[in-house]
Amino acid sequence: MILDSKIPEGPLAEKWDKHKFNVKLVNPANKRKYDIIVVGTGLAGASAAATLGELGYNVKAFCFQDSPRRAHSIAAQGGINAAKNYQNDGDSIFRLFYDTIKGGDYRAREANVYRLAQVSVNIIDQCVAQGVPFAREYGGLLANRSFGGAQVSRTFYARGQTGQQLLLGAYSALNRQIAYGKVKMYPRTEMLDLVMVDGKARGIVVRNLITGKIESHSAHAVVLATGGYGNVFFLSTNAMGSNATAAWRAHKKGALFANPCFTQIHPTCIPVSGEYQSKLTLMSESLRNDGRVWVPKTVEIAQRLRKGEIRVSDIKEEDRDYYLERKYPAFGNLVPRDVASRNAKLMCDEGRGVGASGLAVFLDFADAIKREGQPAIAAKYGNLFEMYEKITDENPYENPMRIYPAVHYTMGGLWVDYNLMTNIPGLYATGECNFSDHGANRLGASALMQGLADGYFVIPYTIGDYLAQNPTTKVTTDHPAFKEAEQAVIAKNNQLLSINGTRTVDDFHKQLGHIMWDYCGMARNAEGLQFAKGEIRKLREEFWRDVKVVGVNEELNITLEKANRVADFLELGELMVEDALQRNESCGGHFREEYQTPENEALRDDENYAYVAAWEFTGVGNEPVLHKEELKFENVKLTQRSYK
Amino acid sequence: MDLTLKVWRQKNRESAGSMVTYPIKGISPDMSFLEMLDVLNEDLLRAGQDPIAFDHDCREGICGMCSLYINGRPHGPERGTTTCQLHMRHFNDGDTITIEPWRAAAFPVHKDLVVDRSAFDRIQQAGGYVSVNTGGVPDANAIPIGKSIADKAFDAATCIGCGACVAACKNASAMLFVSAKVSQLAMLPQGKVEAKTRVENMVAQMDVEGFGACSNTGACAAECPVGISLENIAIMNREYLSAKATSEHVA
C-alpha cells in the first residue's frame, strides 16, 4: 500500500491557495444531487455539516447525545489560537506554524499545519460574525492572552468557556441549515459500522439509542468527526460518552489508524480520589500563569505530610522544591504540557508526591495572592477555584491546589491525506478524529482551532474535488452491502446480550484503563508494553466470555451502548501498545524510558522515526501491518526541543 | 454513608412509571451524585437487574446533559450547581433521597430519568442564530463592541440548555432558556438585523412545543445552575413587544 499524502507542490505558503484552485468544483445546481453523512457534531462535525448544507449538499448529521450542543468540544476552557497579530507582538502565520510543529516534536505534516495557521485567521472572523461573544478590550476590540508553549498573545477566549461559545456558534449555524431542510439531524443515534460499495465509503449503519432500531443511511461521502479516544484509559478528561467506535469500525473496514500511541497527558488535573471515580476534571492551563508548582524537598518531609503529622504551612520555604522553576528557568511553570506532566510524575516516583495517595503535586497561589491580593486572583481564576473547591472540598485560597496529570487529548487517529480523506475513497476524518496536525504533542488552544479549520474551511473545499470526480448515482440501502453490515451489527449486539457472564462492562473498562495507564501512560518501556499487550489480549478474551449485558436491543439500553464501546477500546488498546512498542524514541506525549537524555528529557530519533505510523487492520488478535509515511521537513530545522 | 433512594422507574414513553426504593451502602462523601448512581447501577447489574437510565456526559457542569429532580429541586439542593457537580458530602448518613426526571409535558420521558429535550433544539432552529454563511465575513475587529455589552451578551450566552428552568417552573415555561438566546443576539450588532423575526419565531415555537406561560415567580433563575438572569426575560419581552408593534412579519 502506498500512502499518498497528496501534498500540493510549490512553496509552503502557496500550497493551499494553489490547491484550492486546482481542485475540481461541483456546479451549484449539481450539489443537491449529492448526499453527505457527517458523524459527530462537535466543532469539526457541526461546522462541516452547516457549511456543506450552506453549499447546497444534502447533509445527514448524527450524534449519540440528545442534542448536537452537548458534544464534548463544549467543555474546552482556555481558548483558540489565531495568527491575527492584533497585539502587534510579532505573531505571524509562520510563527504559529513553527510553534505548532515544534510543540508537536516534529511529528506532524508541514503542509497541513501551515494551512491550519493560515485559516486560523478566518475562523475568528467567522465566529465573531455568528455572534460568538469573545472577550473584548474596553475600546471594543478583541482581547488576547498567551498560552503554554508560545511567547506571543494569540489566544482568543470567552472567559473559561471558549469551547462552549464556539460550539454554540457552530450549533447555531447547524440549526439554521436544519431549519432550511438542508441538514437532517439524527440525535441519540450511534454509528456502528461503515458500509463500503465497490471499495468506496457509501454509508453507515446506526443504532437508534431510544428504540434500538438498526438502520442504514447511504450517501456519496462519509465524514467522521467523532473526536478522540482518550476514554480507552477509563479515567480521562473526556466526556463519559466519548468513544472510538465509529473510527475503530471504519479502521476494521480498512481505514488506516495513525500514531495511536500519541496521547496527550494534561498536567493540571484534579487528582484521583478513589476507585469509584468516573472521570477526571481539568483545571485550565492558564492557572500556571500565577500558580507555582512544588513538592517537598525530601521524601521524609513528603511522608510526614501524607501521614498528616505536619501541615502544608509547616513546610519551610527552603524545604520546598519548585522543580519546574529550578529545571526550566526560561519557561518556569509555563513549560509545555508534556514536559510539565513528565516532571510531576518524576517527583511522585521519587516519593515526593503529596495528598493521601502520594500522586499529586502542589499548585500554589500563595505568592500571587500576597503580591496581587485575593480579589485580583479571584477575578482571574474565580470560577476555577470554585470548581476545585466543589470537587475536593478544600479551599485553594488557603491551601495550595493538588494537581496531577491526566489523559486529555489524543493526537493519533485515522490516517488522512491533505484533503482529509482516509485511504478509503469517500471516507473523511476531521478534528481530533484524524491524526494530522498536532504531531506527538498538542499545544494549548490549538484543538479548537483544528476542529473549526477542518469543518468550516478545509473539508467544504476538498470534498467537492472527490464528488466532482465521482458519479452522482445513488446507492440505496437495499444494496446487499448494507444488509450484510446490518446483519453483522445485529449479530454483534445479540452476542453481547447473550453472554450473560459475571463481570460488568465498567469492570472490564476500569481494568483496561489501569493497564493502559500503568504501561502505556506517561512513560513506557519495551518490557512493560510487551506485558500490557498480553494482558489486554487476555482481558479481551475474558470480556467476550464473561461480560454481563442485561436487557434487550429494542429499547434504551445503556449497558449495551457501553459494551459496544468497550469492546472496541479493548482492540484499540492493543494497537496503542503495539504502536508505542515499535517507536523506539521519545517524542511529545510518547515517552519511552529507554530513550532519554541524561537530564531526563525526551530523546527523539529523527534518523529512524520521522514518520507517521499508519496501521492496517488484519483481523482481531492478528498482528496489524505497519505502513510508514515519511515526514519531510523543508521549512523548519529539526532541533532538540528546549525550554530551559 | 448509607442511604435510601427513591427513584422514578419507567420502562418507556408509553408505559406508566412508579417510584422504586433502593437501599445503598458505603457511599463516600467525595463521590459526585452521578458516581453514587454509578455504584447503584453496578449493584443492579450484578443482580441481573436493569440499571437506572439517566442522562449525563461531560460531568464537568458544562454540557447540560445531566438533569435529575432531587428532593424536589432541579439539580438538587446546592445553588448554582449541575447534578454532575453535586457531591455526596451535601447529604447525611441515613438520608432518604427522592430522584425524579424533569417534569414537563414538553419533555416526555424516554425511560427512567431520561427525558426528551429536543423541543429546545427546535426552538433554536426557529431563529436562534445569525444568518451568515461560512466565509465572506468582515474582519473580526471591523465591528467594535463595547466591553460591557460583550460581557452582558456573554452572561446570556452561558446557558447550558439543561432545562432546569422548565423543571423548576410551575407552568413549565421555557422563557428563561429562550430569553437567554434572544437577548444575547439582540444585544450584539451581528444579531440585530434579524432581531424582530427571531424573537417572534422563537416565541411562537415555544408555544407550539407546549411550554407554559411565564408566571413571574422567578423559580427558573433561582434554580438555574449557571445563573442566567431574569433580566433576560425582561429584555425578551421588550424585544417581543416592539417587534409585534412594528412587525413586517405577519404570523
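Visitor: What makes up the area buried between chain B and chain A?
Guide: Buried area is the accessible area (1.4 Å probe) that two parts lose on being put together, summed over both. For chain B and chain A this comes to about 6200 Å², with 52% given by carbon and sulfur atoms. In chain B, the residues losing the most area to chain A are Glu60(B), Thr134(B) and Phe154(B), together 11% of what that side buries.

Visitor: What kind of model is this, and how are its parts numbered?
Guide: The model is predicted: local features need pLDDT of at least 70 and side-chain atom pairs pLDDT 80 or more, while totals for chains, interfaces and linings use all residues. Residues are numbered from 1 along each chain as its sequence is written, chains are lettered from A and ligands numbered from 1 in the order written, and side-chain values use heavy atoms, without hydrogens and water.

Visitor: How many residues of each chain take part in the contact?
Guide: Contact means heavy atoms within 4.5 Å. By that rule, 73 residues come from chain B and 75 residues from chain A.

Visitor: Why is Glu317(A) called partly exposed?
Guide: Buried means under 20% relative accessible area and exposed over 50%, with partly exposed in between (1.4 Å probe, protein chains only). Glu317(A) has 45%, so it is partly exposed. In chain B, buried residues make up 59% of the 251 residues.

Visitor: What makes the link between the side chains of Glu317(A) and Tyr322(A) a polar contact?
Guide: A polar contact is a pair of N or O atoms within 3.5 Å; within protein, one must be able to donate a hydrogen and the other to accept it, and residues adjacent in sequence count only if both atoms are side-chain atoms. The two side chains are joined at 3.0 Å, so the pair meets the cut-off. Beyond four places in sequence, Glu317(A) is in contact with Arg292(A) and Tyr322(A).

Visitor: How do you know which residues line the second largest pocket?
Guide: On a 1 Å grid over the protein atoms alone, a pocket is an open set of points where a 1.4 Å probe fits, with protein on both sides within 12 Å along at least five of seven lines; lining residues have an atom within 4 Å of a point. The second largest pocket has 42 lining residues, and Met240(A), Asp506(A), Lys562(A), His56(B) and Arg59(B) lie nearest its centre.
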